Amino acid sequence: MSHVPATSGPNGSESTIVAARGSPPTTGAPPRVTLHLGHLPGKTNISVPYPRSPSRVDPNNPPWPAFRGYHRYSFAHATMGVRLPTILGKAIDDASRTLNEQSSEDLIVDLANCLERMDQLMVDLSGNAKLRPIIDDDEADVALWNKEIAKYFQGKDFMNAPWLFAEAYKYRRLHECFSVSKYWKGYDVFYRQKCDTFSRSAEAVFELSMRFAEPFKHAANLSDAERLEADRLMFLELTQVCLWGNSTDLSLLINMTEEQIKSLQSTGGDHLAATEKNILGNHLNRLWEKVKSIREKTGGRIDFVLDNAGFELYCDCVYADFLIQSGLAKEIRFHGKRYPWFVSDVTRKDWEWLLNTMVYGHLFPKATEVERESLRRLGDRWKQYERDGKWVYEQHPFWCTGYTFWELHSEAPDLFLHLSHSDLVFFKGDLNHRKLTYDCHAPASTPFDVAIGPMASAAGAPRICSLRTVKSDVVVGLGEEGDLIAKKLDDEEPGWKISGKYAVVLLSEGRPGEKVRFA
């Protein structure tokens, strides 16, 4: 072999080219060798497993990758970049309208200061500012918020914090705009919107009130087996009414027409039969067996962690009314929010407004006297349930924090203990489902028990049912073929995860009856 003198490489370094004996000296790299692999096996299409977070689970590191605002493929990006500024703009319009209706200088000046704080929030949101601590406004959740920000989100901004936390933080900051004021601490910028949407729900409202104004009774001369079957069918239909009532979500359905609202709120039997095929994760029959077992133990307590005010709350109450009348439950506890939250979530004011409007209001001018009377009787019965202690409305501070429900056991042990005494806890709607499942990119085939973590696995965890119309990216509990189902829908119906067309009814057995333990 003969050696060729070293030459200068591309970076000024020396490189040596070795030529074969008898060959003329060459310069540069030798030609690439190409192998022909025609006799080897063909390439296979390998399904890559979903990555798990490499570190321990915490609010900034969910069990699967988090959705974040800078993920352009996700609904998180549309929410943080477009929806939230739009919602905040409408809130500013509402407060400005209220300002223009005032005559007292003190009230005007105080509300003008609230508007200035809202304008600053808009600047922070639009400019993707870093997340600052919450000002101490005497709310019970301040310490929880600032603890979470300090431990997990120092230096994070609206777009690179997990979407669930960043979105919740925006609503907490909006509340702060009013909670630090003198006269406007309890002001709800979404209240008009919630009332108006319910007022445009007349057709669906009276469809239910005309059926349930009188106490529920079985037809005469039914056998025990026939009564049980009638209860089962009624339960399954009303569970669907409760499920699809969640379609009316004001944070998503901005500028909806009256006809579109009617379509979403259709409660007829044919409509429900047609929509059951859209329940992708369907534990309805399992749910009936569990609720039936509660009655066989002389009835018990059922809790609803509420979602939207207005028509959805009305459907929840119709459902709860049936549970009481049929003996499937003796006590219902409703859990709402302490202040305005995610546009249409239920507050105590919304709860009281609904019941009092049904009994005393004149919200539906085109209604017949018979329809108004049906609504009054329904409202009277529900108010009597409250007086008798059969229905109880509650509002724990934890529901308005940025924590997911994986942290409920550690951050609100009193609430976890309280829920552990329930025979069944319904979590209504999309936001509650996101908080149950850590709002992360889990495979659609992930079992619901796995996706909700400690809410299923902790000692004393209650039996849980999620009633959710799918309106955001996280989807779990679709069974062993869930990943294929989700991929097919991705290919055939882009946007299916945010359309509200599909739903899940998912049940977790929990560990009820075990002694609750805290570290």
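**Cysteines, sheet and loops**

Modeller: Let's start with cysteine 317. Its sulfur is 9.3 Å from the closest cysteine sulfur, which belongs to cysteine 242, and that is too far for a bond. Keep in mind that this is a predicted model.

Biologist: Is cysteine 317 buried or exposed?

Modeller: Cysteine 317 is buried, with a relative accessible area of 0%.

Biologist: New topic. How many helices and strands are there?

Modeller: The protein has 19 helices and 11 strands. It has 519 residues, and 53% of them are buried.

Biologist: Which strands form the open sheet, and in what order?

Modeller: Seven strands, in the order E5-E11-E10-E9-E6-E7-E8. The pairing is mixed. At the edges stand strand E5 (279-282) and strand E8 (391-394).

Biologist: Why is one side of each edge strand left without a neighbour?

Modeller: Because E5 and E8 each have a single partner strand in the sheet. As for the twist, it averages 15° from one strand to the next.

Biologist: Let's zoom in on E10. How many of its residues are buried?

Modeller: Six of the six, so E10 is largely enclosed by the rest of the structure.

Biologist: Which way do they point?

Modeller: Two ways. Ile464, Ser466 and Arg468 point one way from E10. Cys465, Leu467 and Thr469 point the other way.

Biologist: Which way does E10 run against strand E9, parallel or antiparallel?

Modeller: Parallel. Four bridges join strand E9 (residues 424-428) to strand E10 (residues 464-469). With strand E11 (residues 503-508), E10 pairs in the antiparallel sense, over six bridges.

Biologist: What sits opposite serine 466 on each side?

Modeller: Phenylalanine 427 stands opposite serine 466. In E11, the bridge partner of serine 466 is leucine 506.

Biologist: Now the loops. Where is asparagine 308?

Modeller: In the loop between strand E6 (301-305) and helix H11 (311-325). Asparagine 308 counts as buried, at 0% relative accessibility.

Biologist: What does its side chain make a polar contact with?

Modeller: The side chain of asparagine 308 meets the side chain of serine 344 in a polar contact, at 2.7 Å.

Biologist: Where are they?

Modeller: Asparagine 221 lies in the loop between helix H6 (202-212) and helix H7 (224-244). Phenylalanine 342 is in the loop between strand E7 (331-335) and helix H12 (348-360).

Biologist: Buried or exposed?

Modeller: Asparagine 221 counts as exposed, at 78% relative accessibility. Phenylalanine 342 is buried, with a relative accessible area of 6%.

Biologist: Pick a helix. Which residues of helix H3 are buried?

Modeller: Helix H3 covers residues 142-152. Its buried residues are Val142, Leu144, Trp145, Glu148, Ile149 and Tyr152. What covers them includes helix H4 (163-179) and helix H14 (408-411).

Biologist: How far along the sequence do contacts reach?

Modeller: Take contacts between residues at least 6 apart in sequence. Of these, 79% join residues at least 24 apart.

Biologist: Last one. What is the mean pLDDT?

Modeller: The mean pLDDT is 89, and 87% of the residues reach 70 or more.

Biologist: Where does pLDDT stay under 50?

Modeller: One such stretch is residues 1-23, for which the model has 21 contacts beyond four places in sequence. Over residues 260-268 the pLDDT is below 50 as well, and this stretch has 21 contacts beyond near neighbours in sequence.

Key
Residues are numbered from 1 along each chain as its sequence is written. This is a predicted model: local features need pLDDT of at least 70, side-chain atom pairs count only at pLDDT 80 or more; totals for chains, interfaces and linings use all residues. Side-chain values use heavy atoms; hydrogens and water are left out. A disulfide is a pair of cysteine sulfur atoms within 2.5 Å. Buried means under 20% relative accessible area, exposed over 50%, partly exposed in between (1.4 Å probe, protein chains only). Helices (H or I, at least four residues) and strands (E, at least two) are DSSP runs, numbered from the N terminus. A polar contact is a pair of N or O atoms within 3.5 Å; within protein, one must be able to donate a hydrogen and the other to accept it, and residues adjacent in sequence count only if both atoms are side-chain atoms. Two strands pair if DSSP finds at least two bridges between them. Axes are lines fitted to C-alpha atoms, for helices over the stretch in contact, and angles run from 0 to 180 degrees between N-to-C directions. pLDDT is the predictor's confidence in each residue, from 0 to 100. Contact means heavy atoms within 4.5 Å.
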